[in-house]
Amino acid sequence: SFQVGSAAYPTASQIRDQILKDLGYYGEQNGIVFNTKRGSEHYKTATALANRVVVAIANNRISNDQRNPLLATGAALRDFARVYGIVERPATASTGPISIKIGGAAAVAIPAGWRGTGSTNGKKYETTSAAPAATNGAILTVVSVETGADTELAAGAQITWDSSAIALLLNPATVQSPGIKGGADTDDDEDI
């Protein structure tokens, strides 16, 4: 037999054998001799029926699992969660401070949305607001363009600007403490 939750269900061969025993018992009670040996029509029919029943049992197991909040997955789990006010949290972007390098004593204008690439993860980051007169060592806030836990960067990591159009803005920018944080993946079944 095999387990479905806490119940044990018969295997296909056990179901087939039981069908053949029942047929033999019926025959004995009514004076009929049925050929139930391997290869007989009754054996083939019992095998085919048992194979179908096992599929039904397996489908029932899947269905029952999806009705149990401890075993449900996917859409069924999310339906359960919504009943209790639990909703799947979407992925979030990372954000944090960086210090920039400016060549010379000049101040430069850095627009909001100015992009760079993280040196350790290859993810894109952009400035959250304009810095109309940024000087060497200025601290700017960046946010990841993509979402997810893999967008986080530790303090000390570097970001290389994607464009050199701002002449005195030098590469790389350095992530400051506490790092670029807050990135999270969409909740999976285990989180829910």
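1. Start with Ala91, which touches Thr147, Gly148, Ala184, Asp185 and Thr186, leaving out residues up to four places away in sequence; a contact here means heavy atoms within 4.5 Å. Ala91 sits in the loop between α3 (74-83) and β3. Helices (H or I, at least four residues) and strands (E, at least two) are DSSP runs, numbered from the N terminus. With a relative accessible area of 23%, Ala91 is partly exposed. On that scale, buried is under 20% relative accessible area, exposed is over 50%, and partly exposed is in between (1.4 Å probe, protein chains only). Now look for Phe34: its C-alpha atom and that of Ala91 are separated by 65 Å, with the two residues 57 apart along the chain.

2. Before going on, a word on what you are looking at. This is a predicted model, where local features need pLDDT of at least 70 and side-chain atom pairs count only at pLDDT 80 or more, while totals for chains, interfaces and linings use all residues. Residues are numbered from 1 along each chain as its sequence is written, and side-chain values use heavy atoms, with hydrogens and water left out.

3. How is the chain laid out? There are three helices and ten strands. Reading from the N terminus, the order is β-β-α-α-α-β-β-β-β-β-β-β-β.

4. The overall shape deserves a look. The radius of gyration is 33 Å, whereas a compact globule of 192 residues would come out near 16 Å. That radius is taken over C-alpha atoms, and the globule rule is 2.2 Å times the number of residues to the power 0.38. Along the principal axes, the C-alpha atoms fill a box of roughly 110 × 35 × 20 Å. Buried residues account for 27% of the 192. Of the contacts between residues at least 6 apart in sequence, 64% join residues at least 24 apart.

5. Now the surface and the charges. The protein exposes about 11,400 Å², and carbon and sulfur atoms supply 55% of it; such areas come from the Shrake-Rupley method with a 1.4 Å probe. The 16 positive and 18 negative charges have mean positions 6 Å apart. For that count, Lys and Arg are positive, Asp and Glu are negative, and His and the chain ends are not counted. Each charge is placed at NZ of Lys, CZ of Arg, CG of Asp or CD of Glu.

6. Which residues have the most contacts inside the largest nonpolar core? They are Ile98, Ile100, Ile110, Ile159, Leu169 and Ile180, in a core of 21 residues. Two or more core residues come from each of β3 (95-102), β4 (108-110), β7 (131-134), β8 (139-144), β9 (158-161) and β10 (169-175). A nonpolar core is a set of buried Ala, Val, Leu, Ile, Met, Phe, Trp, Tyr and Cys residues joined through side-chain atoms within 4.5 Å.

7. Two proline bonds are worth checking. Most peptide bonds are trans. The bond from Asn171 to Pro172, however, is cis, with omega near -10°, and Pro172 is in strand β10. The bond from Ser177 to Pro178 is also cis, with omega near 10°; Pro178 falls in the segment after β10.

8. The loop between β3 and β4 holds Gly103 and Ala107. Gly103 is in contact with Leu168 and Leu170, neighbours within four places aside. Ala107, on the same terms, is in contact with Ala133, Ala134 and Thr135. Is Ala107 buried or partly exposed? Ala107 counts as partly exposed because its relative accessibility is 46%. Its C-alpha atom and that of Gly118, eleven residues along the chain, are separated by 24 Å.

9. Last, go to helix α1 (residues 12-30), where you will find Ser13. Ser13 has a relative accessible area of 34%, so this residue is partly exposed. The C-alpha atoms of Ser13 and Val54, 41 residues apart along the chain, are separated by 9.6 Å.
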